[in-house]
Amino acid sequence: TITVNANPANDMCDAANVVLTSTAAATLQTNLCATEDSPASQCGVVADDDASVWYEIAGDGTNTTLTIDVIGTGAPALMMPVVEVYQDCGVTFEGGTCNYASPLMLDCLDPDLTYRIMVASSAANAVAMSGVQVERSTR
């Protein structure tokens, strides 16, 4: 028997179908069998974005701060992923981190725009993350 795992539904930016709202968390997500995106990560190391998945959060017209928390789970858990925020699919970079270790906070964002969030790992088949929590607020 040959088993082939499917790519995650949110593997590509233009299919960021896991839509997050102001305080929602995407739980039990995985980047198992996710593919590398083009263009490559802002980190400059192609291997850092081998297995990327995408999320989006819609503008709410008020809040300008975005806080993103990625929680790894499983064995091995997703650790120190690349987390990057774009206005679109990998073109207009807003900010991010190459070695995520705690919540990422970006200030002074346009409250009316929808932002795309890439979470990636150098492990092409990292097991899972228990949640990607995104919150909009005003600072």
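1. The structure is a predicted model, and the remarks below should be read accordingly.

2. As a general matter, nonpolar side chains in soluble globular proteins tend to be buried together.

3. Leaving aside neighbours within four places in sequence, Ile117 is in contact with Val53, Trp54, Tyr55, Ile57, Ile68, Val83, Glu84, Val85 and Val134.

4. Strand β8 is largely enclosed by the rest of the structure, because seven of its seven residues are buried. Tyr115, Ile117, Val119 and Ser121 point one way from β8, whereas Arg116, Met118 and Ala120 point the other way. In a regular strand, side chains alternate between the two faces of the sheet. Here the residues pointing in either direction from β8 are all buried.

5. The pairing of β8 involves β3 and β5. With β3, the arrangement is antiparallel and extends over seven bridges; within it, Tyr115 of β8 is the bridge partner of Ile57. With β5, β8 also pairs in the antiparallel sense, over five bridges, and Val85 stands opposite Ile117 of β8.

6. How many salt bridges does a search of the whole structure find? The search returns one. A salt bridge joins the side chains of Arg116 and Glu56, with an N to O distance of 3.0 Å. Arg116 belongs to strand β8 and Glu56 to strand β3, so the pair ties together parts that are 60 residues apart in sequence. Arg116 and Glu56 are both buried, each having under 20% relative accessible area.

7. A further point concerns the loop between β4 and β5, where Met80 is placed. Which residues does Met80 touch, not counting those up to four places away in sequence? They are Cys98, Asn99 and Tyr100. The C-alpha atoms of Met80 and Asn99 are separated by 4.9 Å, although these residues are 19 residues apart along the chain.

How values were computed:
Residues numbered from 1 in each chain as written. Predicted model: local features only at pLDDT ≥ 70, side-chain atom pairs only at ≥ 80, totals over all residues. Heavy atoms only, no water. Contact = heavy atoms within 4.5 Å. Salt bridge = Lys/Arg side-chain N within 4 Å of Asp/Glu carboxyl O. Helix = DSSP H or I, 4+ residues; strand = E, 2+ residues; numbered from the N terminus. Buried < 20%, exposed > 50% of the residue type's maximum accessible area, 1.4 Å probe, protein only. Pairing = 2+ DSSP bridges.
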